[in-house]
Amino acid sequence: MEDEEQKGRTRYWKKLARHAPTNDPKIFYCPINALDDGCLMHIFSFLSPIPDRYNTALVCHRWQFLACHPRLWLRVDRSVKDFSAPGVFPDIGAAVMAARPGDTILVATGGFHHTSNIQIKKPLRLIGGGENPEETTLVCSRGSDSALELLSTCKISNLTVKAELGCCLLHRRGRLIIDGCILQCESDPLDYLSFPIVSTASSPRLLQPLIKSQTDGVTVSGTRIEGGAKAISIRGTLALQRVRATYGQASISFWFDVEHL
């Protein structure tokens, strides 16, 4: 039965090859295309979602189908009316609950995505779907401790996260990577209580793994941090290290690490 299904897929891709824009069907018979769908999808899972995995979808029809498969992406899009399609969710909380460890959640542009005290307890990647972080905004309303509470390794990129009072990101444990984001605490008479990032990780030093990616810590790169008493509040045993900033005409971008000494 499996042989018949494989033969059927082969006939399908050969048919597409005859209508390829390149007019060179041989391009579809390169060694990597001899791999089955599951193997190719596993290879694509190691690519950076943007731009690498996105670019693979431009190669051919087959790669587009595999690179956009719900197993590789979960999508949060409030404009979608029918959420019966696999991998599409109305809000970030629902996407996080449905995600498997290692999944990537792509947050659609437009409007505001309300997030309050959403706990992430498995390794995930959250990525804004726009060309820049201003196009995708998460808003944490007043009365919430944080927009996102991280209890596992997680990467957040190309997103704007706003908090009225409290913090944008609450790091409990795991490795948190913040890349190319904007973290904003709204101006308020009580802004001395607000922090864009709060880390409470406090693993005993003797139990720290030898591999850096498995240790508790925060890595910030190319991220604008605005408002609040200070960029990060450290309430555990980690320490701020390797701080660097670049000044633009209207903003400051930060690079720093928060790790065990």
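Modeller: A contact means heavy atoms within 4.5 Å. Please keep in mind that this is a predicted model.

Biologist: With that settled, which residues does Leu126 touch, leaving out those up to four places away in sequence?

Modeller: Leu126 touches Ile92, Ile105, Ile120, Leu148, Cys154, Lys155, Ile156, Ser157 and Leu159 on that basis. Leu126 is also one of the residues that touch the most other members of the largest nonpolar core, together with Ile105, Leu148 and Ile178. That core has 40 residues.

Biologist: What lies apart from that core?

Modeller: Another core, of 12 residues, lies apart from it, and its members include Met41, Phe44, Cys60 and Ala67.

Biologist: Two of those names sit in a helix, I think. Which residues of α2 are buried?

Modeller: In helix α2, which spans residues 37–44, the buried residues are Asp37, Leu40, Met41 and Phe44. Viewed down the axis of α2, these buried residues fall within an arc of 100°, so they line one face of the helix. An α-helix has 3.6 residues a turn, so residues three or four places apart point the same way.

Biologist: And what happens at the start of α2?

Modeller: There, a side-chain oxygen of Asp36 comes to within 3.3 Å of the backbone nitrogen of Gly38.

Biologist: Turning to the strands, how does β6 pair with β9?

Modeller: Strands β6 (residues 124–128) and β9 (residues 154–157) run parallel and are joined by four bridges. Within this pairing, Lys155 in β9 stands opposite Arg125.

Biologist: Which residue is the bridge partner of Lys155 in β12?

Modeller: That partner is Ile177. Strand β12 covers residues 175–179 and pairs with β9 in the parallel sense, again over four bridges.

Biologist: How many helices and strands does the chain have overall?

Modeller: The chain has five helices and 18 strands. Of its 261 residues, 44% are buried. Among contacts between residues at least 6 apart in sequence, 56% join residues at least 24 apart.

Biologist: What about the surface of the chain?

Modeller: The accessible surface of the chain comes to about 14,300 Å², and carbon and sulfur atoms account for 56% of that area.

Biologist: Now a loop residue. Is Thr115 buried or exposed?

Modeller: Thr115 is buried, because its relative accessible area is 1% and the cut-off for buried is under 20%. Thr115 is found in the loop between β4 (112–114) and β5 (118–120). Leaving out residues up to four places away in sequence, Thr115 touches Ile92, Leu138, Val139, Cys140, Ser146 and Ala147. Thr115 and Ser146 are 31 residues apart along the chain, with 8.3 Å between their C-alpha atoms.

Biologist: Where is Arg224, and what does its side chain contact?

Modeller: Arg224 is in strand β15 (residues 217–226), and at 22% relative accessibility it counts as partly exposed. Its side chain makes a polar contact of 2.9 Å with the side chain of Glu226. Beyond four places in sequence, Arg224 touches Glu134, Cys181, Ile182, Leu183, Ser251, Ile252 and Ser253.

Technical notes
Residues numbered from 1 in each chain as written. Predicted model: local features only at pLDDT ≥ 70, side-chain atom pairs only at ≥ 80, totals over all residues. Heavy atoms only, no water. Buried < 20%, exposed > 50% of the residue type's maximum accessible area, 1.4 Å probe, protein only. Helix = DSSP H or I, 4+ residues; strand = E, 2+ residues; numbered from the N terminus. Arc of directions from axis to C-beta. Polar contact = N/O pair within 3.5 Å; in protein donor to acceptor, adjacent residues only side chain to side chain. Core = buried A, V, L, I, M, F, W, Y, C linked by side-chain atoms within 4.5 Å. Pairing = 2+ DSSP bridges. Areas by Shrake-Rupley, 256 points an atom, 1.4 Å probe, with all protein chains shown as cover.
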